[in-house]
Amino acid sequence: MTPAGRIAASIGLLDRILTGEAAEHALTGWARANRYAGSGDRAAVRDHVYDALRRLRSLTALSGANTPSGRALLTGHLRAMGRNPEEMFTGEGYAPDPLNAAERVKLRAAPGADMLPELVALDCPDWLGPQLKDSLGNDFAPVLEAMRHRAPVFLRVNARRGSRNEVAVRIAEEGIETRTTPLASHALEVTAGERSIRNSVSYQQGFVELQDASPQAAVEALPLKRGMRILDYCAGGGGKSLAIAARADCDVTAHDAEPRRMRDLPVRAARAGAAVRIAKSDLQGQNYDLVLLDVPCSGIGTWRRDPDAKWKLTPEWLSDLLRVQEEILDQGSRLVAPAGTLAYMTCSLLGAENGGQIAAFLDRHPDWRLVEERSFTPLNGGDGFYSAHLTRV
Ligand SMILES: C[S@@+](CC[C@H](N)C(=O)[O-])C[C@H]1O[C@@H](n2cnc3c(N)ncnc32)[C@H](O)[C@@H]1O
């Protein structure tokens, strides 16, 4: 494909995503339907689409359009790269149609990048700006700026299969280059060969898992001891259960309100040589030494990887999430053994979902106390993440 053909394909995909289709679904469907697109084309189109979604507000403004569209986003994207959009919008071959008169007028009248209002330039939804400023303080602008760029890819080395250095050497032989990161002791940041990970023997044999470095660091901080009974109450795909089972010989039970989300967990656990039990019965009356609540959240900390989530989140959805988080904290606390630990985690940067939830829980339950809390932002390298450990007084 020519560079202009890749831009035309990205425009079509963005139009579908803007009308509600999930970005991954649209990209996978496009790759299947366009077998002529080689791996370089697919990677370039994916990068255009994800860059445009991360920077939806600023690129729309740079195109002069009032509302986002595939053409507006790619016009703004080219302008942001210092290119004249007319060079690509030629209508020749597979290139997008030339700009029409209205688009030209808007482009000419569009402000420069240095003239954009702060929340537009930082690609932050207006309604979330004040809450995020409140939560992040002086880090607000640098964190939002970091969210406009691609996230690094991290692997978690499975300590049951080898040390971080041994596994780094092994995967390098499969073309996956990495470097260590100070964030977590089993984390490797991928510097080359990222697209080969899932097909590599090391991945398929459970030497590595894909997991961001911030949740890895949060799991490392859990007070695990051999033989502990642990409940991963919101296990989902089981990323945290597997990270726990790799660290210590604990009795790990995975539970989720939607059990089908855990369907791949037995296969992933077998691949990793880890024992994870799937909760079959009602948990009422059971108790555990450690209950992990990796609650459903806004996902603001993962906006770099999942940029359309940035624009789909609404105030109503956020208030539903806050209510669910509160309920899960109360439910989970009832499952903790007398001297046990309740560990609360989110991949959010909002105080209301993090420290705010913990403060409200402690108000409702004065017999509990906060033992420690940690916050990570993309300025540390990984995703935005929060964890708090609580125990009874
Ligand atoms: C952030 S995701 C979990 C991600 C997972 N721990 C991982 O590391 O891959 C949150 C999970 O909470 C589950 N959930 C939502 N409401 C719940 C509830 N009331 N009780 C238990 N799980 C719930 C969702 O189905 C979802 O799988």
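In this chain, 68% of the contacts with a separation of 6 or more are made by residues 24 or more positions apart, two residues being in contact if their C-beta atoms, placed from the backbone, lie within 7 Å. The model is a predicted one, in which local features need pLDDT of at least 70 and side-chain atom pairs count only at pLDDT 80 or more, while totals for chains, interfaces and linings use all residues. Residues are numbered from 1 along each chain as its sequence is written.

Turning to the overall form, the C-alpha trace spans about 70 × 50 × 35 Å along its principal axes. A compact globule of 393 residues would have a radius of gyration near 21 Å, and the 23 Å of the chain agrees with this (taken over C-alpha atoms; the globule rule is 2.2 Å times the number of residues to the power 0.38). Of the 393 residues, 43% count as buried, that is, 20 or more other C-beta atoms lie within 10 Å of their own, with C-beta atoms placed from the backbone. The domain assignment gives domain 1 (3–116), domain 2 (154–211) and domain 3 (214–392), with bounds from an automatic or database assignment. Between domain 1 and domain 2, the C-alpha centres lie 34 Å apart.

The chain holds 17 helices and eleven strands, which are DSSP runs numbered from the N terminus (helices H or I, at least four residues; strands E, at least two). Helix H3 (residues 39–54) has 16 residues and should span 22 Å at 1.5 Å a residue, in agreement with its end C-alpha atoms, 22 Å apart; the expected span is 1.5 Å times one less than the number of residues. Among the buried residues of H3 are Val45, His48 and Tyr50. Their cover includes helix H1 (3–18), helix H2 (23–33) and helix H15 (308–312).

As for the strands, S2 (residues 177–180) and S3 (residues 187–192) run antiparallel and are joined by four bridges; two strands pair if DSSP finds at least two bridges between them. Thr178 has Val190 in S3 as its bridge partner, and a hairpin of six residues links S2 to S3.

Strand S6 (residues 251–254) pairs with S7 in the parallel sense over three bridges, and Ala254 has Ile278 in S7 as its bridge partner.

Terms used. Buried ≥ 20, exposed ≤ 12 C-beta atoms within 10 Å, placed from the backbone.
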